[in-house]
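Please look over the sequence and the 3D structure shown here. The report that follows goes from the whole chain to a single residue.

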Amino acid sequence: MFKKYDVVALGEVLIDFTMNGKSAQGNGLFEANPGGAPGNVLAVLKKYGKEVGFIGKVGKDQFGTLLKNTMDELGIGTEGIVMDEKYNTTLAFVHTAEDGDRTFSFYRKPGADMMLSAEEINKEMIADTKIFHFGSLSMTDDIVRNATKEAIEYAKSQGKLISFDPNLRPPLWSDLELAKTQIAYGMSQCDIMKIADDEILFMTGEKTIDAAIEVLTAMYQFKLLLVTLGKEGSMAVYKNMKVKEKGFVNPDTIETTGAGDTFCGSVLNYVLEHDIDDMTEEQLREMLIIANAGASLITTKKGALRVMPEKEEIMNLAKTRLS
């Protein structure tokens, strides 16, 4: 049956203020980049030619308007966006180290994205999609956590493929044990699990990625588990196969904002084009190479949502490794 959307994502969109040089007075300059992990995932899927939609809440302020207008310009469905007159749009200040890694300062106590209620979920969008995607930032606080769980339950009742990326940001959690509990809930609900190396060690308490993978695959019934390894690349665990592909180290890397989201969107695009119940080892390798290529390319740009690499760019880089 035809579906309007290939992927609908629920969660946060926000403004990432990224470092952009210094003023004449020597003060740091920050650029207001539209961002937020679920929105970034949708933006790269749009580059692959997929139809996508977003469910979430922003403030009825200049930043919320900027985010909605940006998504409209990119062709991301915004009928699921609620504009809140009481609470402001969440802001994140991204401080970038010399190696491109980042630390975050968030202004979200509360942010509008935390105030999305279960009654405000656009269930028609979920019913009209193939994949439902979410993260853990929409589970940090009671109101939006209840909304997220309502959306997940509805998506499952409609037989949707469920995708989850925890995207752990410790400063946004009142308690890391709460974070662990909510991420574990997300893991128990999803078919496609994308997790970073530091997150999988945090969730399992193991010292190595391989040991952590064993723990997770014994506990949860993922169709596909993906572990990103930073510069080292990524891994896919599927049925009785475990595939690892090295990353594309880019000399032009500026920062790593959006790398995991570009990887995740690239994987979801591949899943949409292949049978997730019958993937070969060769297909898993191809999927990881393409996703690693996309992740590498976004690190050469500031921000993420507006500047996702084109499909042709990603495929041209991937082809340097695809046989």
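The text below describes the overall build of the chain and then one serine.

**The chain as a whole**

The model is predicted. Its secondary structure consists of 10 helices and 13 strands. The radius of gyration is 18 Å, close to the 20 Å that the globule rule gives for 323 residues, so the chain is as compact as a globular protein of that length.

| Property of the chain | Value |
|---|---|
| Span of the C-alpha trace along the principal axes | about 50 × 50 × 40 Å |

Among contacts in the chain with a separation of 6 or more, 72% join residues 24 or more positions apart.

The chain carries 36 positive and 48 negative charges. The mean position of the positive charges and that of the negative charges are 1 Å apart.

Ser117 lies in the loop between strand S7 (102-107) and helix H3 (123-127). Is Ser117 buried or exposed? Its relative accessibility is 16%, and buried means under 20%, so Ser117 counts as buried. Which residues does Ser117 contact, leaving aside its neighbours within four places in sequence? They are Ile143 and Ala147.

Definitions and conventions
Residues are numbered from 1 along each chain as its sequence is written. This is a predicted model: local features need pLDDT of at least 70, side-chain atom pairs count only at pLDDT 80 or more; totals for chains, interfaces and linings use all residues. Side-chain values use heavy atoms; hydrogens and water are left out. Helices (H or I, at least four residues) and strands (E, at least two) are DSSP runs, numbered from the N terminus. The radius of gyration is taken over C-alpha atoms; the globule rule is 2.2 Å times the number of residues to the power 0.38. Contact means heavy atoms within 4.5 Å. Lys and Arg count as positive and Asp and Glu as negative; His and the chain ends are not counted. The place of a charge is taken as NZ of Lys, CZ of Arg, CG of Asp or CD of Glu. Buried means under 20% relative accessible area, exposed over 50%, partly exposed in between (1.4 Å probe, protein chains only).
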